[in-house]
Amino acid sequence: MASNKNALIRYKTIDYCLRNKFKKWTLEDLIEACSDALYEYEGKDVNVSKRTIQLDIQLMRSDKLGYNAPIEVYNRRFYKYTDKDYSIMNIPVTDNDVKIMNDAIQLLRQFKDFSLFKEMNGVLQRLEDSVYSSQKDKKSIIHLDKNEQLKGLEFIDPLYNAIQQKKVLKIRYQSFKAHNASNMIVHPQLLKEFNNRWFLLCLNKNKYYTLALDRIIETSLEENIEYVDNNVDGDIYYKDVIGATVSNSRPQRIQFWIEKKNAPYVITKPFHKSQRVIKYTDDGVIFNIFVQINFELERKILGFGELIEVLKPEKFRNRILGKLHQATRNYK
């Protein structure tokens, strides 16, 4: 399995190189690029031989993997794609591929009732829909929210691997507030997804930081620093918050009123798992949640506009009121 994974990393790396038309690629360049990629993903030195890359190129050219890659040697030294738009990532899915993927999905479905896989069913349904829509003249049945401009997703794999392998990272990062990027030495602990954005929870100088993946510029391994594992349990760490921002402040009981017609929406899709119905009124429903006050909570409440009223605590109520006053001033 490991050798197959390494081969896939090499194929993708060779493909990435040959799609870069601003550089002339020799066999030695491709060997170096593949070695660097394997080091980045696997966290260890892998001696990629000249023979291995030559066989990889031969396989990519053939129909054995379904690539039929138009790789040619020119000037007896350099490699390139003759088709400037070609990529192995653009290979169409064949009927046989669809059959194999469907068989794999049906096999995985047998495990969906086990507690370990209790969240698998929604994932399988999305996989099945993607396979179905990959066939000719088939349209997708499930429509998912996706942002084609979302940045930072390329960092998920290396960050995941660093957490799994307990590796320290140097991350070049620029927050929205910073004028310039800066380098951070971090001990990655957890990946967090919220509202279609990804975040990294990490330790830096014994303090927790939450870094947005779309603000990361680059990452690299720091082999000479011992990794600190705080064994973070995401269910516990994020227990008292909405979103990805943990303020480490004391959770508070937030009481709010929702207008009658929109109350069923909040009942069926709670703000937080601690949400409770306190009282039904003539014009709406009063709820309680027990959470830390953070940026995401404010955004959630402000998003309901005139349909919500924060009742308690008074300090938080006044904070929301101040933001609403500022909002109305923006329209004057």
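Predicted model: local features only at pLDDT ≥ 70, side-chain atom pairs only at ≥ 80, totals over all residues.
**Entry 1: overall make-up**

I went through the secondary structure and found ten helices and twelve strands. Then I turned to contacts with a separation of 6 or more, and 56% of them join residues 24 or more positions apart.

**Entry 2: the largest pocket**

I looked up the largest pocket next, and its volume is about 1400 Å³. Its lining has 45 residues, and F194, G243, A244, T245 and E296 lie nearest the centre. I sorted the lining by class and got 22 nonpolar, ten polar and 13 charged residues.

Which elements each supply at least two residues of this lining? My list reads β5 (182-194), β6 (197-204), β7 (207-212), α7 (234-237) and α9 (295-302). Why do I place the largest pocket between domain 3 (153-238) and domain 4 (252-330)? Both domains give residues to its lining, so the pocket lies between them.

**Entry 3: the second largest pocket**

The second largest pocket came out at about 790 Å³. Of the 24 residues lining it, I9, K12, T13, Y41 and D157 are the closest to its centre. I counted helices here: α1 (2-19), α2 (27-42) and α6 (156-165) each supply at least two lining residues. Helix α1 gives the most, with nine residues.

By class, I have twelve nonpolar, five polar and seven charged residues in this lining. I also checked the domains: domain 1 (1-81) and domain 3 (153-238) both contribute to the lining, so the second largest pocket lies between those two.

**Entry 4: the one cavity**

I searched for cavities of 30 Å³ or more, and the structure holds one. The largest cavity has a volume of about 30 Å³. Its lining consists of L150, K151, L153, R197, W198, L213 and D214. Sorted by class, that is four nonpolar, no polar and three charged residues.

A general point before I look: in soluble globular proteins, nonpolar side chains tend to be buried together. Here the largest nonpolar core has 25 residues, and those with the most contacts inside it are L18, L30, I53, I57, M60, I71 and Y81. Two or more residues of this core come from each of α1, α2, α3 (50-61) and β3 (78-81). Helix α2 has the largest share, seven residues.

Which residues does I57 contact, leaving aside its neighbours within four places in sequence? I noted I14, L27, L30, I71 and Y79.

There is also a second, separate core of 19 residues, which includes I289, I293, I308 and F316.

The peptide bond from K312 to P313 is cis, with omega near -5°. I found P313 in the loop between β12 (308-312) and α10 (314-329).

Next I checked for positive phi values outside glycine. N75 has phi near 55°, and N75 sits in the loop between β2 (71-74) and β3. Is N75 buried or exposed? Its relative accessible area is 57%, so I wrote N75 down as exposed, the cut-off being over 50%.

N206 also has a positive phi, near 65°. N206 is in the loop between β6 and β7. At 77% relative accessible area, N206 is exposed as well.

**Entry 5: N204**

I finished with N204, which lies in strand β6. Is N204 buried or exposed? N204 has 12% relative accessibility and the limit for buried is under 20%, so N204 counts as buried.

Which residues does N204 touch, not counting those up to four places away in sequence? I recorded M184, I185, V186 and Y209.

Methods: Residues numbered from 1 in each chain as written. Heavy atoms only, no water. 1 Å grid on protein atoms, 1.4 Å probe; cavity = no way out; pocket = protein on both sides within 12 Å on 5 of 7 lines; lining within 4 Å. Points joined across faces, edges and corners; volume = space filled by probe spheres on them. Helix = DSSP H or I, 4+ residues; strand = E, 2+ residues; numbered from the N terminus. Nonpolar A, V, L, I, M, F, W, Y, C, P; charged D, E, K, R; others polar. Domains from an automatic or database assignment. Core = buried A, V, L, I, M, F, W, Y, C linked by side-chain atoms within 4.5 Å. Buried < 20%, exposed > 50% of the residue type's maximum accessible area, 1.4 Å probe, protein only. Contact = heavy atoms within 4.5 Å.
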